[in-house]
Amino acid sequence: MAMTLRLSDDHDAKLTALAAAQGVSKQQAVLRLIDAAAERDSKNERLHRVAARVKARDAELLERLAQ
């Protein structure tokens, strides 16, 4: 599937610099950014699920500690 990405001159310059610093094409730099964002979101989602389980499991203890 093809996609056209329209960037402002400023964003294009930033992407060009990022790609050059990584030694990859602008397309590869964008793909890396997408992958990194997806991984970060996945980790955040897992962290929130674990925190919710701990909060539910230890609600009484957390309440006592808060006092």
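Which residue forms a salt bridge with Glu-45, and how far apart are the closest N and O atoms? Here are my notes, with that pair taken up in point 5.

1. A word on the model to begin with. This is a predicted model, so please read the points below as comments on a prediction. The chain has three helices and zero strands, and from the N terminus on its elements run α-α-α. The radius of gyration is 21 Å, well over the 11 Å that the globule rule gives for 67 residues, so the chain is more spread out than a compact globule.

2. Along its principal axes, the C-alpha trace of the chain spans about 55 × 30 × 20 Å. Of the 67 residues in the chain, 6% are buried.

3. Next, the packing of H1 and H2. Helix H1 covers residues 9–22 and helix H2 covers residues 26–57; their axes come within 9 Å and cross at roughly 90°. The two helices are therefore roughly perpendicular to each other. On the H1 side, the residues in contact are Asp-12, Leu-15, Thr-16, Leu-18, Ala-19 and Gln-22, and they meet Lys-26, Ala-29, Val-30, Arg-32 and Leu-33 of H2. By class, that contact of H1 with H2 has six nonpolar, two polar and three charged residues.

4. Leaving aside residues up to four places away in sequence, Gln-22 touches Ala-29 and Arg-32. Both of these partners are among the H2 residues that meet H1. For a sense of distance, Gln-22 and Ser-42 are 20 residues apart in sequence, and their C-alpha atoms are 24 Å apart in space.

5. Now to the opening question. The partner of Glu-45 is Arg-49: the two form a salt bridge in which the closest N and O atoms are 2.9 Å apart. Why are they separated by about one helical turn? Because Glu-45 and Arg-49 are four residues apart in helix H2. Glu-45 is partly exposed at a relative accessible area of 49%, and Arg-49 also counts as partly exposed, at 42% relative accessibility.

6. Salt bridges elsewhere in the model. The structure holds six salt bridges, and the Glu-45 and Arg-49 pair is one of them. As background, side chains of opposite charge can pair when their charged atoms come close. In helix H1, Asp-10 and Lys-14 lie four residues apart, about one turn of the helix. Their side chains meet in a salt bridge, with an N to O distance of 3.2 Å. Asp-10 counts as partly exposed, at 44% relative accessibility.

7. Helix H2 runs over residues 26–57, and Arg-57 forms a salt bridge with Asp-58, the closest N and O atoms being 2.9 Å apart. Are these two residues exposed or partly exposed? Arg-57 is exposed, with a relative accessible area of 62%, whereas Asp-58 is partly exposed at 22%. The cut-off for burial is under 20% relative accessible area, so Asp-58 at 22% does not count as buried.

8. Glu-39 and Ala-29 are ten residues apart along the chain, and 15 Å separates their C-alpha atoms.

Key: Residues numbered from 1 in each chain as written. Predicted model: local features only at pLDDT ≥ 70, side-chain atom pairs only at ≥ 80, totals over all residues. Heavy atoms only, no water. Axes fitted to C-alpha atoms, helices over the stretch in contact; angles between N-to-C directions. Parallel < 35°, antiparallel > 145°, perpendicular 65-115°, else oblique. Contact = heavy atoms within 4.5 Å. Nonpolar A, V, L, I, M, F, W, Y, C, P; charged D, E, K, R; others polar. Salt bridge = Lys/Arg side-chain N within 4 Å of Asp/Glu carboxyl O. Buried < 20%, exposed > 50% of the residue type's maximum accessible area, 1.4 Å probe, protein only. Rg over C-alpha atoms; globule rule 2.2 N^0.38 Å.
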